[in-house]
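Have a look at the sequence and the model, then read on.

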Amino acid sequence: MTGSWPASPAQQGMWLTERAGVAGRAFHMPLAVWLDGPLDVVALGEACEEVARRHPVLGGVLAEDGGELRVVPDAVPPMREGGDLQEELAGPVDPVDGPAARFTLIREDAKRHVLLFQAHHAVFDGESKDILLRDLAAWYGGAAPAPLGATYPEVAVQQQVRLAEALPGARRYWAAQWQAQWQDQRELCLPGLTGVSVAAAPGSALDFVVEDLGGLAERLEVTRFEAVLAAFVALLRAYGNARPAVGVDLSTRTDGSRDHVGAFVNELPVIGAPEGGTFGEFARSLRGDLRRLYRHREVPLARAVDGIGPRAALTPVSLSYRRRPETSPLFPGLGASVEWMMFNGWVRNTLHLQIVDDQAGTAARLQYNPALLDRSGAERIREHLAALLAAVAADPEAPLDRLPLPGPVPAASVTAATAASVAVKDGPVDADLVREIQAIFAKELELDDVEPDEDLFDLGGHSLTITQIMARTRERLGVELSFELFIDDATAMGIAAEVARLRERTC
């Protein structure tokens, strides 16, 4: 594909999750800026076009080419004028069929407008919000930003090189950590919880403010992110989770990519369990664990460990933290206010804590799945976390057993929807058909043999392997398999059972 470039590990994971049908709208990232004053609509539209040209990934779509997933340049639609903000928020962004990003201007009155930007997470991350608005404001004011040091395709290729170099070390690291510390979490203890999920679903949100996070971090000699993560883990432990696993979003930006819009982020699990002593001792211990994890931040866990299938989130509970720059975008002649934590109405898992930290303060939001966690339970979590953060801010070296921590709550198990991903199909399957599917698996995985009940992902398979198996099955057996089938049961036995069922349907 002329002019295309290799998809990053983050983009590959999101593409697979989208194909698996478990993402919903969870990867849709809205950003809204309210503009007060005499807006030059033409100049703003031209600025949007300049930003799209500077950051071609915004117009990119994901496509396979010879067994490789690549980003193919496309176009970001021109800024359009829309109506109701909530209706516009429901509009699609699509990293496969496009467009993956779009700009919409909404007129509230003669001197007040809302510029709504929406993008798929495959082409956009949290830090990209600041970059996009900074460049947009510069062009609106007639001052083009300084040229980028490298093109986005060059940065994408560099990512692939770094990933290849980092992969052996990451595999050794997780081989030592995997069995001892983390496996797929099937149970979770939270107040008001009835089930556990790592699939996207319509969500709800509760906002609050964290006071004096900077002061707490300074007294503990840890970062702000490490301080709030330590409190969150301590709270999860108090609810009865023996070794809480929290998925955290880690930036993979380098000097070469720091001014690029894109998906420079990787989710990895952090496991921590305070066993006594003071909060400060636990926070500093967690800091050491994080420092070891940071060395492998560019390698997705699914690349380093077998057996992790497509999912909207790595763990049922997650946390994202972003420290914003001290300066905000300035649109000449206009007042501008930005909603940095705009909620898209979906959650990627059971519970997610989002933190945005800037000069105005520390904003926090609990996003949760209301089908699994009721509002009163979410409110209790918010109250418990706020009380814990206030207590450790007052005394960072307080013993853990003297902090206002709640007592244990009953555990909830994995939901039926998630359990379906490990369900086994009933009924006998022709042995010759199973062997045929085993042979297809072995060929595409480049293995000598594959057992009937061995999971494709455990054997090192991934999204492109699935598409190759689908094509091979169509060619040899005349059956069209769905991508979602491999999420339900990625074994040769399971696929053979589905092939048999499809054949019976056509008879």
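## Salt bridges

The structure holds 29 salt bridges, a salt bridge being a side-chain nitrogen of Lys or Arg within 4 Å of a carboxyl oxygen of Asp or Glu. Before we go further, keep in mind that this is a predicted model, where local features need pLDDT of at least 70, side-chain atom pairs count only at pLDDT 80 or more, and totals for chains, interfaces and linings use all residues. Residues are numbered from 1 along each chain as its sequence is written, and side-chain values use heavy atoms, with hydrogens and water left out.

Let's start with Asp207 and Arg365, which form a salt bridge with their closest N and O atoms 2.7 Å apart. Asp207 sits in strand β10 (residues 204-210) and Arg365 in strand β17 (residues 361-368), so this pair ties together parts that are 158 residues apart in sequence. Strands here are DSSP runs of E with at least two residues, helices are runs of H or I with at least four, and both are numbered from the N terminus. Asp207 is partly exposed, at 45% relative accessible area, while Arg365 counts as buried at 8%. As for those words, buried means under 20% relative accessible area, exposed means over 50%, and partly exposed is in between (1.4 Å probe, protein chains only).

Next up are Glu226 and Arg291, whose side chains meet in a salt bridge at 2.5 Å, N to O. Glu226 belongs to helix α7 (residues 224-238) and Arg291 to helix α8 (residues 279-294), so the pair ties together parts that are 65 residues apart in sequence.

Elsewhere, Arg54, Arg134, Asp135 and Asp259 are linked in a network of salt bridges.

## Helix α6 and what follows

How many of the eight residues of α6 are buried? Six of them are, so to speak, under cover in this helix, which spans residues 213-220 and is mostly covered. The buried ones are Leu213, Gly214, Gly215, Leu216, Ala217 and Leu220.

Glu221 lies in the loop between α6 and α7 and counts as exposed, at 65% relative accessibility.

Most residues other than glycine have a negative phi, and most peptide bonds are trans. Glu446 has a positive phi of about 60 degrees, although it is not a glycine. You'll find Glu446 in the loop between α12 and α13, where it counts as exposed at 73% relative accessibility.

There is a cis peptide bond too, joining Gly98 and Pro99, with omega about -5 degrees. Pro99 has its place in the loop between α3 (85-89) and β6 (101-109).

## A buried asparagine

Is Asn349 buried or exposed? Asn349 is buried, with a relative accessible area of 0%, and it is found in the loop between β15 (346-347) and β16 (351-358).

The side chain of Asn349 makes a polar contact with the side chain of Ser318, at 2.9 Å. A polar contact is a pair of N or O atoms within 3.5 Å; within protein, one must be able to donate a hydrogen and the other to accept it, and residues adjacent in sequence count only if both atoms are side-chain atoms. A polar atom of the Asn349 side chain also lies 3.0 Å from the backbone oxygen of Thr315.

Glu18 lies in helix α1 (residues 9-20) and is partly exposed, at 25% relative accessible area. Between Glu18 and Ala312 there are 294 residues of separation in sequence, yet their C-alpha atoms are 8.6 Å apart in space.

Over in helix α13 there is Ile466, which is buried at 0% relative accessible area. The C-alpha atoms of Ile466 and Ala490 are separated by 9.0 Å, with the two residues 24 apart along the chain.
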